[in-house]
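Have the model open while you read, and start with the sequence and structure below.

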Amino acid sequence: MEPAGGPRRVTITDVARTAGVSTSAVSKVLRNAYGVSPSMRDRVQTAMAELGYRPHAAARGMRGRTFTIGVLLASIRNAFYADLLEGVDAQLRNTEYTVFIGSSGSSEMADQTKLIHAMVDRQMDGLILIAPAVPRAEVVRIAAEVPTVVLGHHDPSPAYDCVVNQDGAGVDLVIDHLVGLGHRDIAHISHPTVRGSQWEQRPEHHVRAAYREAMARHGLADLARMVHSGYSDEGGYRGAMELLTSSRPPTAIFAGADVAATGVFRAAAELGLHVPGDLSIAGYNNTSVAALAPVSLTSVDQAGAMMGETAARLLVERIEKRRDRAVVMASTPHLVTRSSTARPGG
């Protein structure tokens with residue numbers, strides 16, 4: 001007979017009994033702990049599905065854990081963030097952790113700070129901050145209280161883990177490719193620096209420095225040009241219009257993000273330029289948009305999904321106190337060449 005208040009909530013003890021394992025074994029599966037065999041995981045997950053078991057979030061929070069993770073995005077329009085989130089989801093899919101996403105809709109510090117504070121106030125177990133504009137000192141302060149992984153920025157700290165791309169190597173691949181095709185006048189569209197953020201090694205900082213160095217290495221330092229119009233379609237469009245209507249339009253434009261490269265395509269079309277006959281375009285991120293047949297954008301693959309998986313794995317290690325040292329993990333980029341780049345006038 002069911003209790004007067006309705007059906008009894010399924011407990012971890014019920015799951016253990018149905019699976020034929022101990023409650024501690026069920027707990028290990030829920031926490032994705034080490035030492036759990038695939039067969040045990042299958043038995044426990046099958047029992048959970050059969051019983052309709054769902055952990056009580058409020059009770060977990062009272063015990064000090066909510067099994068929730070907050071992910072901060074600067075924008076939902078950048079397709080590269082989707083790749084990162086796909087990796088985070090893949091890493092956490094068979095765990096009890098649930099991901100909550102916060103997008104500021106901009107790179108404004110105040111908006112992002114408000115979102116992070118909201119995540120902390122809701123007792124989320126950990127944070128993944130993707131290229132945050134929040135002042136670094138504030139991130140260090142929060143990371144001292146809540147396990148945190150910073151994705152994108154190259155500024156290390158004992159307080160948080162970093163997951164980055166070897167941006168210098170990625171830029172070298174692009175410039176070497178374009179120079180190899182015969183281009184000399186290669187311009188770069190970058191992102192404006194967020195003032196007051198205290199981050200000295202944001203991804204765009206590394207990309208800019210690497211661009212200058214690569215151009216100098218090829219003896220093209222005098223031809224290097226940059227516009228800081230932003231990593232967005234509109235930013236790419238404005239930057240490309242400035243470059244392509246100048247007295248010396250470039251033969252190739254390297255955009256620091258695929259989303260900005262789409263704006264370069266738009267500007268080229270508006271000016272009656274053919275890609276790649278009149279203008280070669282290269283991007284960065286190798287998002288799903290780059291592979292679309294009408295786009296076919298040459299782009300640097302940062303292994304976004306792998307970066308997301310790594311960030312989630314490091315965060316869970318921090319939450320579960322599997323290590324007590326901060327780490328920096330760097331992915332190795334490779335160039336995917338497509339039909340948006342060709343010899344000048346080709």
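Predicted model: local features only at pLDDT ≥ 70, side-chain atom pairs only at ≥ 80, totals over all residues.

1. Residues are numbered from 1 along each chain as its sequence is written, and side-chain values use heavy atoms, with hydrogens and water left out.

2. The overall picture. The protein chain has 12 helices and 12 strands; these are DSSP runs numbered from the N terminus, helices being H or I with at least four residues and strands being E with at least two. Along the principal axes, the C-alpha atoms fill a box of roughly 85 × 40 × 35 Å. Of the 346 residues, 50% are buried. Taking contacts (heavy atoms within 4.5 Å) between residues at least 6 apart in sequence, 70% join residues at least 24 apart.

3. Salt bridges, meaning a side-chain nitrogen of Lys or Arg within 4 Å of a carboxyl oxygen of Asp or Glu, come to 17 in the structure. One of them pairs R93 with D89 at 2.7 Å, N to O. R93 counts as exposed at 52% relative accessibility, whereas D89 is partly exposed with a relative accessible area of 40%.

4. Which parts of the chain does the R217 and D176 pair link? Their side chains meet in a salt bridge of 3.2 Å, N to O. R217 belongs to helix α9 (residues 203-217) and D176 to helix α8 (residues 167-181), so to speak distant parts of the chain, 41 residues apart. R217 is partly exposed at 48%, and D176 is partly exposed at 32%.

5. Have a look at R248 and D185 too, whose side chains form a salt bridge of 2.7 Å, N to O. R248 sits in the loop between α10 (233-244) and β8 (252-255), and D185 in the loop between α8 and β6 (186-189), so the pair ties together parts 63 residues apart in sequence. D185 is buried, with a relative accessible area of 10%, while R248 is partly exposed at 35%. Elsewhere, a network of salt bridges links D161, R313, E317, R318 and R323.

6. As a reminder, an α-helix has 3.6 residues a turn, so residues three or four places apart point the same way.

7. On to the strands, which pair if DSSP finds at least two bridges between them. β9 (residues 280-285) and β10 (residues 298-301) run parallel and are joined by four bridges, with Y284 having V300 as its bridge partner in β10. β10 also pairs with β12 (residues 334-336), in the antiparallel sense and over three bridges; there S299 stands opposite V336.

8. S296 lies in the loop between β9 and β10 and is buried, with a relative accessible area of 14%. Its side chain and that of S339 are joined by a polar contact of 2.8 Å. (A polar contact is a pair of N or O atoms within 3.5 Å; within protein, one must be able to donate a hydrogen and the other to accept it, and residues adjacent in sequence count only if both atoms are side-chain atoms.) Leaving aside neighbours within four places in sequence, S296 is in contact with A290, R338, S339 and S340.

9. Finally, Q166, in the loop between β5 (161-165) and α8, is partly exposed at 33% relative accessibility. Leaving aside neighbours within four places in sequence, Q166 is in contact with Y284, A330, S331, T332 and P333.

Notes. Buried < 20%, exposed > 50% of the residue type's maximum accessible area, 1.4 Å probe, protein only.
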